[in-house]
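Subject: Structure handover

Hello,

Here is the structure we talked about. Please open it alongside this note; my findings follow below.

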Number of protein chains: 2
Amino acid sequence: MHKVKVYITLKEGVLDPQGKAVQNSLHALEYDNVADVRVGKYMEVLLNDEGNLDAQVDEMCDRLLANPVIEDYSYMIEEVS
Amino acid sequence: MHKVKVYITLKEGVLDPQGKAVQNSLHALEYDNVADVRVGKYMEVLLNDEGNLDAQVDEMCDRLLANPVIEDYSYMIEEVS
């Protein structure tokens, strides 16, 4: 069994209003050294070993987990017992 | 200047209906080897160097970015130019 950690971020240049809201809140809390915030998603997918996991995860990201038009994704696969 | 990558996950035992929905969708797409999905958040915070960044990030997570009652967080600080 493997655990896949998937990181999904907005592509550079795509506006991130949620990130801006977080940044404004951090400024309101007087963290004045915050220069930028971008918000993305993080998923942990537990997979039973079956076929080519790399290819499966790529396909899952393209078809469901990420929106390839505006988002980039990366992932790490690690073995779990 | 440093970039902080913050990973926020639900604590073990906290129900994750969003993760279950993603899992069901993956099953509907015939990825039958998906055993579990947990959805979290991922943020990239760009910080100007000023004081103890580690302490600042811990405080930001506790006060705003994560909900310490139901979420865990971890982060990585890396230098950027």
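This is a predicted model: local features need pLDDT of at least 70, side-chain atom pairs count only at pLDDT 80 or more; totals for chains, interfaces and linings use all residues.

A:D36 forms a salt bridge with A:K20, with the closest N and O atoms 3.3 Å apart. The pair links distant parts of the chain: A:K20 sits in helix α1 of chain A and A:D36 in strand β2 of chain A, 16 residues apart. A:K20 is also partly exposed, at 43% relative accessibility.

Chain B has salt bridges of its own. B:E44 pairs with B:K3, with 3.8 Å between the closest N and O atoms. That pair joins strand β2 of chain B to strand β1 of chain B across 41 residues. B:E44 counts as buried because its relative accessibility is 18%, under the 20% limit. B:K3, at 23%, is partly exposed. B:K5 and B:E78 also meet in a salt bridge, at 3.8 Å from N to O. Here strand β1 of chain B is linked to strand β3 of chain B, and the two residues are 73 apart. B:E78 is partly exposed, with a relative accessible area of 29%. Over all chains the count is twelve salt bridges.

Now the strands of chain B. Strand β1 (residues 2–10) is mostly covered, with seven of its nine residues buried. β1(B) pairs antiparallel with β2(B) over seven bridges. In that pairing, B:V4 stands opposite B:V45. β1(B) also runs antiparallel to strand β3 (residues 71–79) of chain B, joined by nine bridges. There, B:L10 faces B:E71.

Strand pairing also crosses between the chains. β2(A) and β2(B) run antiparallel and are joined by 13 bridges. The bridge partner of A:V37 in β2(B) is B:V45.

On to the contact as a whole. Each side is listed: 33 residues from chain A and 33 residues from chain B. Together the chains bury about 2,900 Å², with 64% of it on carbon and sulfur atoms. A:Y31, A:N33 and A:Y42 supply 23% of the area that chain A buries against chain B, more than any other three residues. Between the chains there are zero salt bridges. Polar contacts join 16 residue pairs, both residues at pLDDT 80 or more. On the chain A side, β2(A) gives the most, with 14 residues. By class, that side has 20 nonpolar, six polar and seven charged residues.

Best wishes

Notes. Residues are numbered from 1 along each chain as its sequence is written. Chains are lettered from A and ligands numbered from 1 in the order in which they are written. Side-chain values use heavy atoms; hydrogens and water are left out. Contact means heavy atoms within 4.5 Å. Buried area is the accessible area (1.4 Å probe) that two parts lose on being put together, summed over both. A salt bridge is a side-chain nitrogen of Lys or Arg within 4 Å of a carboxyl oxygen of Asp or Glu. A polar contact is a pair of N or O atoms within 3.5 Å; within protein, one must be able to donate a hydrogen and the other to accept it, and residues adjacent in sequence count only if both atoms are side-chain atoms. Helices (H or I, at least four residues) and strands (E, at least two) are DSSP runs, numbered from the N terminus. Ala, Val, Leu, Ile, Met, Phe, Trp, Tyr, Cys and Pro count as nonpolar, Asp, Glu, Lys and Arg as charged, and the others, Gly among them, as polar. Two strands pair if DSSP finds at least two bridges between them. Buried means under 20% relative accessible area, exposed over 50%, partly exposed in between (1.4 Å probe, protein chains only).
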